[in-house]
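Here is my notebook from a first look around. I wrote down each thing as I looked it up, so please read along with the model open.

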Amino acid sequence: MGAYILRRLAAGIVVLAVGTFGLYILVSLSGNPLANLMANPHISPATIRAARIELHLNEPLLQRYWTWLTGMLHGDFGISTLGQAVGPQLWPRMWVTLQMVLPATIIAIILGIGLGVMSAVRQYSILDHISTGLAYIFYATPVFVIAILLKDFLAVKVDNAVGHPVLYTVGQNNPGTTGVWSVFVDGLAHDVLPVVTLVLITYAGWSRYQRASMLDVLNADYVRLARAKGLSRRRVLYVHALRNALIPITTVVALDFATVLGGAVITEIVFGWEGMGRFFFEALVGPVSPDVNVVMAYVTIIAALIIIFNIIADIIYGLLDPRIRYA
Amino acid sequence: MPEPPAFETSPGAMLAGSPTPLGGPVSPLGLGQPAGVPQPDADALAASQAGLTIKARSQFQMAYTRFIHHKMALIGLGVFVAILLFSTIGPLFWHYTYAQITSQFGTGPSLAHPFGTDTIGHDLFAEVMDATSTSIQTALVVAAIATGLGTLIGAAAGYYGKWADSVLMRFTDLILIVPGLVILLVLANTVSKAIGNWLWIALILSALFWTYLARLVRGVFLSLREREFIEAEHAIGASSARIILRHMIPNAIGPVIVNATLTVANAILVEAALSFLGLGIQPPQVSLGLLIAQGEGDATVLPYLFYFPAAFLIAIVLAVNFIGDGLRDALDPQQRVRA
């Protein structure tokens with residue numbers, strides 16, 4: 001198992017190196033971060049030359065990538081086009097993004113598995129039909145439509161009805177809140193809408209998958225045998241069937257984690273969160289774009305998160321299903 | 001990959017899936033299904049029960065029969081065709097164009113402007129028609145390119161294996177470690193601000209979407225390659241080209257068509273996301289994502305500016321997904337998710 005994890009990590013690092021190389025070239029060629037400076041008549045050529053040197057833009061592209069790569073391996077993500085170090089700006093933003101992504105993933109897993117299993121056990125019941133219908137609708141609805149509906153239609157109505165803001169629509173917290181409990185409650189009130197958004201776009205696919213997987217197991221011979229030898233329905237469903245039906249969903253959740261992080265970019269933009277997705281997007285399209293170091297820092301962190309998440313899922317898969325042997 | 005069945009059993013068995021779990025013995029013909037599930041093809045059922053003369057039907061006929069018995073797929077097809085006609089033929093009969101500025105600013109839905117007008121006087125009805133056709137044509141081009149390229153590369157990787165396979169799989173590994181949206185944003189950022197043309201957007205999307213099709217076709221080819229009938233072809237000295245074109249691609253065509261359909265739905269969603277973020281279709285062109293982004297600004301005051309494009313977007317994707325489900329049940333019965 002240890003050797004397997006090491007090999008997976010090594011493969012991940014190779015993919016990461018090749019991937020960051022390609023993206024670095026692509027992002028660097030997408031524009032000139034000094035275009036705004038150069039268009040400004042009040043800025044002297046000497047200043048522009050200094051900026052070029054500070055951002056290493058005078059060096060060849062391959063050398064710039066090498067500088068970035070060696071810096072990154074030492075934990076230094078370089079400086080942004082505005083001259084600030086990227087690392088110290090990125091870590092707090094990563095925490096903000098995880099504040100949205102982790103609760104959403106956990107809730108979506110519970111909701112997806114719960115609804116999927118209930119739909120399968122009561123196949124063709126009203127609950128099954130409603131859950132199927134909702135899953136289809138959420139599956140067809142883009143994340144930004146859900147986000148805008150929750151923000152501009154639901155939250156505004158709720159807040160007006162109550163008379164004071166209950167559901168916050170902008171930002172991840174109210175600056176200046178003090179006290180552990182107040183900060184927690186404040187964070188929660190800001191968290192509700194973005195988390196619900198991410199849950200709704202994610203759980204639908206998982207519930208369908210879990211339903212199919214549960215139905216497969218329920219029709220398996222060993223479940224019929226368990227029934228035939230007189231076990232209670234409850235025991236058959238939750239001990240014999242459910243435990244096996246939970247295995248395949250781990251892979252699906254792991255593979256979809258990338259989609260959740262992609263959805264978080266849009267969710268952060270709609271809800272004005274200072275997360276790393278929005279940080280990336282503004283570095284890509286903002287006035288001094290492309291801010292290559294910021295974009296690359298985001299891509300590297302997110303790729304590392306996805307690789308680690310997938311390895312963990314594979315390990316869990318191996319633990320759940322003893323037939324799987326990693327050598 | 002499903003073995004083509006020798007004769008059609010009851011399509012009811014295909015539609016109803018398995019009977020209620022734990023509900024007694026399972027009949028292979030689906031006779032044990034719960035009451036209330038319609039039996040669409042009683043004749044075929046009776047015929048197969050009696051084991052009497054069964055008319056041979058081609059694979060296409062069987063698929064067609066299964067598809068037209070899939071109620072949601074037919075509704076999806078109807079809605080999709082209606083929206084397609086609305087967006088392509090509609091503008092010919094409508095007295096405003098999407099770029100035209102009328103003297104009505106921010107008026108709600110009325111007879112003159114069924115979907116209302118925005119704050120600078122665009123007729124939303126005309127805009128939605130044009131945006132819908134832009135979205136659909138972009139998605140169709142993406143599906144065509146991604147399916148063609150994906151099938152070709154996936155077939156090469158799956159049939160020849162070795163380095164072609166390694167290159168493809170390493171390339172798809174690259175794509176799996178970064179969210180697709182992020183890759184597309186980076187790609188679109190280099191292209192669409194300069195050339196915000198729908199065809200470019202389609203090319204950018206295809207650059208990502210072909211990998212999914214390629215992986216799928218590779219998988220199908222890997223399993224087909226080991227089957228006896230392919231071995232027999234080798235034994236009688238058939239060329240690789242003949243085996244691929246005459247035997248493997250026809251056997252892979254079911255999953256490919258199903259996934260091409262689902263690619264249309266995904267491409268519409270992703271194009272909308274790119275346009276929403278300002279990196280897709282550029283004004284003065286319109287697309288559904290762009291209209292939704294513009295509608296968001298006035299969402300609390302003029303909510304219909306948001307509702308209409310959003311409703312069209314969801315309706316198209318729902319319709320295409322239902323068509324995809326119907327096609328999966330018709331062409332690829334073993335892969336279907338039980339419905």
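Which hand does the crossing of α12(A) and α8(B) have, left-handed or right-handed? I looked it up, and the crossing of α12(A) and α8(B) is right-handed. For the term, a crossing is left-handed if the near helix is turned anticlockwise from the far one by less than a right angle, and right-handed if clockwise.

**Entry: ground rules**

I am working with a predicted model, where local features need pLDDT of at least 70 and side-chain atom pairs count only at pLDDT 80 or more, while totals for chains, interfaces and linings use all residues. Residues are numbered from 1 along each chain as its sequence is written, and chains are lettered from A and ligands numbered from 1 in the order in which they are written.

**Entry: chain A as a whole**

I found 13 helices and zero strands in chain A. Here helices (H or I, at least four residues) and strands (E, at least two) are DSSP runs, numbered from the N terminus. Along the principal axes, the C-alpha atoms of chain A fill a box of roughly 85 × 60 × 40 Å.

I noted that 37% of the 327 residues in chain A are buried. A residue is buried if 20 or more other C-beta atoms lie within 10 Å of its own, exposed if 12 or fewer, and partly exposed in between, with C-beta atoms placed from the backbone.

I also looked at contacts in chain A between residues at least 6 apart in sequence, and 72% of them join residues at least 24 apart. Two residues are in contact if their C-beta atoms, placed from the backbone, lie within 7 Å.

**Entry: where the chains meet**

I counted 43 residues from chain A and 38 residues from chain B in the contact. On the side of chain A that touches chain B, the elements giving two or more residues include α1 (2-29), α8 (180-218) and α13 (292-320) of chain A. The largest share of that side, eight residues, comes from α1(A).

By class, the side of chain A that touches chain B has 32 nonpolar, seven polar and four charged residues. In this sorting, Ala, Val, Leu, Ile, Met, Phe, Trp, Tyr, Cys and Pro count as nonpolar, Asp, Glu, Lys and Arg as charged, and the others, Gly among them, as polar.

**Entry: back to the opening pair**

I checked the axes of α12(A) and helix α8 (residues 180-191) of chain B, which come within 10 Å and cross at roughly 15 degrees. Axes are lines fitted to C-alpha atoms, for helices over the stretch in contact, and angles run from 0 to 180 degrees between N-to-C directions. α12(A) and α8(B) are therefore roughly parallel to each other. Angles under 35 degrees count as roughly parallel, over 145 as roughly antiparallel, 65 to 115 as roughly perpendicular and the rest as oblique.

In this pair, A:Phe281, A:Leu284 and A:Val285 of α12(A) meet B:Leu185, B:Val186 and B:Asn189 of α8(B). I sorted the residues of this contact into five nonpolar, one polar and no charged.

**Entry: a helix pair inside chain B**

Next I opened helix α3 (residues 59-68) and helix α13 (residues 304-331) of chain B, which pack at about 140 degrees with their axes 8 Å apart. That makes α3(B) oblique to α13(B). The crossing of α3(B) past α13(B) is right-handed.

I listed B:Ala63, B:Arg66 and B:Phe67 on the α3(B) side, and B:Gly326, B:Leu327, B:Asp329, B:Ala330 and B:Leu331 on the α13(B) side. Their contact divides into five nonpolar, one polar and two charged residues.

**Entry: single residues and bonds**

I found A:Arg52 in helix α3 (residues 45-54) of chain A. A:Arg52 is partly exposed, with 16 other C-beta atoms within 10 Å. Leaving out residues up to four places away in sequence, A:Arg52 touches A:Leu34, A:Leu57 and A:Asn58.

A:Tyr124 sits in the loop between α5 (86-121) and α6 of chain A. Its phi is near 70 degrees, a positive value in a residue other than glycine. A:Tyr124 counts as partly exposed, with 17 C-beta neighbours inside 10 Å.

I placed A:Thr178 in the loop between α7 and α8 of chain A. With 7 C-beta neighbours inside 10 Å, A:Thr178 counts as exposed.

My last stop was the peptide bond from B:Pro283 to B:Pro284, which is cis, with omega near 5 degrees. B:Pro284 lies in the loop between α11 (240-276) and α12 (288-297) of chain B.
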